[in-house]
Amino acid sequence: MGGPGRLAPRASAPCRRVAAGVLLAAAAACVFLAVGVGEAGGIDAAGSAGVDGAAGGAIGAGATGSGGGPVASVRVGAGELGARLGELLLTCALTAVVEELVFRGLLLGAVAGVARRFVGGRRAVLIAVGVSTAVFAVLHVVPDAAALLGGEAGAASSGVGDTLGAASRIGEAGPVGADVGIVSASLGLKLAQALLFGTCMAALLLMSRGLVVPIAVHAGFDALYFAPAVLMMGGFPSTYICASAAEWAALAASCVVLLWPAAASARWLACRVVPYGANEPSGDPR
């Protein structure tokens, strides 16, 4: 691929709109999650946080510890909050770099190269966008989906970069049973969010002709989305499964807001010649 370079005048405005829409989606989710965490403990006026005894526990009203009792709240000083902020920013930055390099850099480029052997350059890139986005989305729900099929939903986690979810283990006491519908709905909504987000990141890559912009926007999205869990509850969650009204609202709100930048991305991809590679013709009519 060509280097980041400067944005072409025609691409810079759509790029800014898509980036703003993605960050707005994360901000909307952050508001819902912060309210939910505040109801479960939150940060008091002195700047101390009420957190679950097990970091990354359920967010929202009625949150309980692992034993089913009331959540144990502890006071967290400014130093601890600073350490959490550092962990949040570093983890989100590293996650963005790795995921964008793998999915939008290596995978999208590789699929485009193979597809070019069979179809025109523009169509090859569009195929690559679809494939890389689908793989990105599916891999974000595979761990919990596999655990669900094994009867222990939430037992597996995709590690850094997980979307906020509850740490409550559905199926710990036995078969998942009646909880399958809740788990499936959580994963289905997360899959939709990842598809919308991946479409935006692929468009940002092609609009900006480089990875710098999607990495920056990806890191910003994750930092906003994870801030309530990390700063107020002490750690990243270990599953995508929603277990509170705040989590459902946050995930749904992010999906709704992401519809705008994703639609703008799709329109740009469909109507503009996709700039890809240093030697890509600027007027491929195919």
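In which helix is the place of Val131? In this predicted model, Val131 lies in helix H3, the helix that spans residues 121–139. With a relative accessible area of 33%, Val131 counts as partly exposed, because that class covers the values between under 20%, which is buried, and over 50%, which is exposed.

Val131 also belongs to a nonpolar patch on the surface, which it forms with Ile127, Val135, Val138, Leu139 and Val142, and these residues together have about 420 Å² of accessible area. Helix H3 gives the most to this patch, contributing five residues. As a general point, an α-helix has 3.6 residues a turn, so residues three or four places apart point the same way.

From this surface we can turn to helix H6, which runs over residues 212–233 and, with its 22 residues, reaches 31 Å from its first C-alpha to its last, close to the 32 Å expected at 1.5 Å a residue. Along its course H6 bends by about 55 degrees at Phe226, and a proline, Pro228, follows within four residues. Of the 22 residues of H6, 16 are buried, so this helix is largely enclosed by the rest of the structure. After H6 comes Gly234, a residue whose phi is positive, near 95 degrees.

Helix H2, which covers residues 78–115, can be followed in a similar manner: its 38 residues should span 56 Å at 1.5 Å a residue, and the end C-alpha atoms are 53 Å apart, which agrees with that expectation. A bend is found in H2 as well, by about 30 degrees, and its place is Leu101.

Technical notes:
Residues numbered from 1 in each chain as written. Predicted model: local features only at pLDDT ≥ 70, side-chain atom pairs only at ≥ 80, totals over all residues. Heavy atoms only, no water. Patch = residues over 30% accessible without salt bridge, like charges linked within 9 Å, V, L, I, M, F, W, Y side chains within 5 Å. Areas by Shrake-Rupley, 256 points an atom, 1.4 Å probe, with all protein chains shown as cover. Salt bridge = Lys/Arg side-chain N within 4 Å of Asp/Glu carboxyl O. Helix = DSSP H or I, 4+ residues; strand = E, 2+ residues; numbered from the N terminus. Buried < 20%, exposed > 50% of the residue type's maximum accessible area, 1.4 Å probe, protein only. Expected span 1.5 Å × (residues − 1). Bend = angle between axes of the 7 residues up to and from the residue.
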